[in-house]
Each structure stands twice: as structure tokens, then as C-alpha cells.
Amino acid sequence: MKQRVLVKQKNQITNEEFLMADGMCEIRTDENKREVFYHELDAASTKVEMFIHKDQLTIIRHGEVVSTLHFKNNEKTVGTVLSEFGEFQIELFTRRYLCANETIAVEYDVLSGDEVSDSFRILWKIRRDDA
């Protein structure tokens, strides 16, 4: 099913906001999860795959950089990032994960050791095109 998607990111340290996507997405749903597929507005038109569960979120981004990130409330997770410089792991701490019908939100910290090196909030609004 096709629906509209609006994705905004905010850096929680600098307060910079960034519009990541504003367009259409493809949604597949089963009893355990929702899958959402869309393209970001960046120059590479990065393809995004989201696997949305009640208690966790996985995002896979395919662009100039390929990343797989995992989010689970109040937990540290390890993702991978593949760039022209090689593959490395990235450690995240999810401060908040919210999954409602039309809204998905995640607030997380990027960790370097036990120190926070960056902090973000990403908000997805997904709705029918006629809504």
C-alpha cells in the first residue's frame, strides 16, 4: 500500500533540523511488523527500509553510505556503517522509541565508549495521501 511519508531529523545537541523525506512510501504489514520503504531527499536519493515492531525498530539505508541501525527503548545496540573508508560498528543508546499508527519517533545517542558523541531525534509521519 502506498502512503505519504514525512521524515524530520533534529540534532539534539545543536538543535539543527533537517527534512529527510517528503514523498511517498510503500508499506507492507503482517501481524508482527510493518515494513516501510521510501527514498530520502539527499542527492543520492538514499533508499530506506524500516522494519517496525512494537518494541524495536531497524533502519537500513542504501546510499553513498550503507547503514543498518537498531533501536530498542532504554537499550544499547550496535549497528554497522559501510562507506568508502570501510565498514565499522556504531553503538547507539535509544532513549525513546514510539510507534503509533501514523507516527514513529526515536530519540537516540551515538556513543563513543561510554560518552555521548551525538544525539538525534527522528520523526516519521505516515498517512494516506488523501488524509
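Leu6 stands opposite Lys125 in E10. This facing pair sits in a predicted model. Strand E1 covers residues 2-11 and strand E10 covers residues 115-127. The two strands run antiparallel, joined by eight bridges.

**The barrel**

The E1 to E10 pairing belongs to a closed barrel of 10 strands. Its order is E1-E2-E3-E4-E5-E6-E7-E8-E9-E10, and the pairing is antiparallel. On average, neighbouring strands of this sheet are turned by 25° against each other, with direction ignored.

Strand E7 spans residues 76-83, and Gly79 is found in that strand. Gly79 is buried, with a relative accessible area of 1%. Leaving out residues up to four places away in sequence, Gly79 touches Thr68, His70, Phe88, Gln89 and Ile90.

**The nonpolar core**

Nonpolar side chains tend to be buried together in soluble globular proteins. Here the largest nonpolar core has 27 residues. Which residues have the most contacts inside it? They are Tyr38, Met50, Leu57 and Trp124.

Met50 touches three of these names again: Tyr38, Leu57 and Trp124 are among its contacts. Met50 also touches Arg34, Glu35, Val36, Thr58, Ile59 and Ile104. That list does not count residues up to four places away in sequence.

**Aromatic pairs**

The structure holds three aromatic pairs. One of them joins Tyr108 and Phe120. This pair is tilted, at 5.7 Å centre to centre and 35° between the planes. Tyr108 lies in strand E9 (residues 103-112) and Phe120 in strand E10, so the pair ties together parts that are 12 residues apart in sequence. Tyr108 counts as buried at 6% relative accessibility. Phe120 is buried too, with a relative accessible area of 15%. Ring pairs link Phe71 with Tyr108 and Phe120 into a cluster.

**Cysteines**

A disulfide is a covalent bond between the sulfur atoms of two cysteines. This structure holds zero disulfides. Cys25 is in no disulfide, and the nearest cysteine sulfur, that of Cys99, is 13 Å away. The cut-off for a disulfide is a pair of sulfur atoms within 2.5 Å. Cys25 is buried, with a relative accessible area of 1%, whereas Cys99 is partly exposed, at 33%.

Most residues other than glycine have a negative phi. Asn15 has a positive phi of about 65° although it is not a glycine. Asn74 also has a positive phi, near 55°. Where does Asn15 sit? Its place is in the loop between E1 and strand E2 (17-29). Asn74 is in the loop between strand E6 (66-72) and strand E7 (76-83). Asn15 counts as partly exposed, whereas Asn74 is exposed.

| Residue | Phi | Relative accessible area |
|---|---|---|
| Asn15 | about 65° | 49% |
| Asn74 | near 55° | 56% |

Notes
Residues are numbered from 1 along each chain as its sequence is written. This is a predicted model: local features need pLDDT of at least 70, side-chain atom pairs count only at pLDDT 80 or more; totals for chains, interfaces and linings use all residues. Side-chain values use heavy atoms; hydrogens and water are left out. Buried means under 20% relative accessible area, exposed over 50%, partly exposed in between (1.4 Å probe, protein chains only). Two strands pair if DSSP finds at least two bridges between them. Helices (H or I, at least four residues) and strands (E, at least two) are DSSP runs, numbered from the N terminus. Axes are lines fitted to C-alpha atoms, for helices over the stretch in contact, and angles run from 0 to 180 degrees between N-to-C directions. A nonpolar core is a set of buried Ala, Val, Leu, Ile, Met, Phe, Trp, Tyr and Cys residues joined through side-chain atoms within 4.5 Å. Contact means heavy atoms within 4.5 Å. Rings of Phe, Tyr and Trp (its six-membered ring) pair if their centres lie within 6.5 Å; planes under 30 degrees apart count as stacked, over 60 as edge-to-face and the rest as tilted.
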